[in-house]
Amino acid sequence: LLYQDTAIEDNLTTTHHSHMPQVSGHSAFRSLMLLFALSFHRVFEGMAIGLQQESNQMLSITVAIVLHEAIVSFSLGISLAQSDLSFKSYLISNLIQCLSSPLGIAIGIPLSSLPYSTARETMSGTLQGIAGGTFIYVTFFEILPPELNSPSNRLWKVFFIALGFAVMCCVVLI
């Protein structure tokens, strides 16, 4: 009976309303959580750069991270722009995002200059493992699911994911 009353009411009026709560696909909370996860991830990426002992390894990792972060920054920027953040909050979010990697580098460089010891190598390996883990988490749980759950252009999305993986493999090999 309630469904019939709603259907009759919808036919009588030109505006459609629903008794179900409206859920925004780009809420400010979701965007800020993505910002937090990515900033945490970037600190550890910066540490991975700062912990490198050889300049060719540092350059290789830096190029891979810059390519990766350009795409992630674009995605995060779109997510923040589509949320209901104020202009001031948007600027602060971008500032946090921009300072995360340099903070990690600033933490990693002094750690890499410590004298060789098993403890330093263990700490370095652990921090690089956390950086890799946050990369995997952010990629597979924060970025890809919303994109692949959207029914439009799925084949193209999978193609470009594979292309991006291939490009990153080529960058690492070069």
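Reply: Gladly. A helix here is a DSSP run of H or I with at least four residues, numbered from the N terminus. Keep in mind that this is a predicted model.

Me: What makes H41 part of a helix, and which one is it?
Reply: H41 is found in α2, which covers residues 28-50.

Me: Why is H41 called buried?
Reply: Buried means under 20% relative accessible area. H41 has a relative accessibility of 1%, so it counts as buried.

Me: Which residues does H41 touch, leaving aside those up to four places away in sequence?
Reply: Contact means heavy atoms within 4.5 Å. By that test H41 touches H68, E69, A131, T134, F135 and V138.

Me: How do you know that the end-to-end span of α3 agrees with its number of residues?
Reply: The expected span is 1.5 Å times one less than the number of residues. With 28 residues, α3 should span 40 Å, and its end C-alpha atoms are 39 Å apart, so the two agree.

Me: Which residues of α3 are buried, and what covers them?
Reply: The buried ones are A64, I65, H68, E69, V72, L76, G77, S79 and L80. Their cover includes α2, α4 (87-112), α5 and α6.

Me: What makes up the largest nonpolar core?
Reply: A core needs buried nonpolar residues joined through side-chain atoms within 4.5 Å. Here the set has 9 residues: L34, L35, A37, L38, V72, L76, L80, L85 and V138. The elements giving two or more residues to this core are α2 and α3, and α2 has the largest share, with 4 residues. Apart from it lies another core of 8 residues, including F44, L51, L111 and A131.

Me: And what does L80 touch, beyond residues up to four places away in sequence?
Reply: L80 touches S31, L85, Y90 and S93.

Me: Now the largest pocket: what is its volume, and which residues are closest to its centre?
Reply: Its volume is about 1700 Å³. Of the 43 lining residues, the closest to the centre are H68, I71, V72, F135 and T139. The elements that give two or more residues to the lining are α2, α3 (55-82), α5 (118-149) and α6 (154-173). The largest share, 14 residues, comes from α3.

Me: How do the lining residues divide by type?
Reply: The lining of the largest pocket has 26 nonpolar, 12 polar and 5 charged residues.

Conventions: Residues numbered from 1 in each chain as written. Predicted model: local features only at pLDDT ≥ 70, side-chain atom pairs only at ≥ 80, totals over all residues. Heavy atoms only, no water. Buried < 20%, exposed > 50% of the residue type's maximum accessible area, 1.4 Å probe, protein only. 1 Å grid on protein atoms, 1.4 Å probe; cavity = no way out; pocket = protein on both sides within 12 Å on 5 of 7 lines; lining within 4 Å. Points joined across faces, edges and corners; volume = space filled by probe spheres on them. Nonpolar A, V, L, I, M, F, W, Y, C, P; charged D, E, K, R; others polar.
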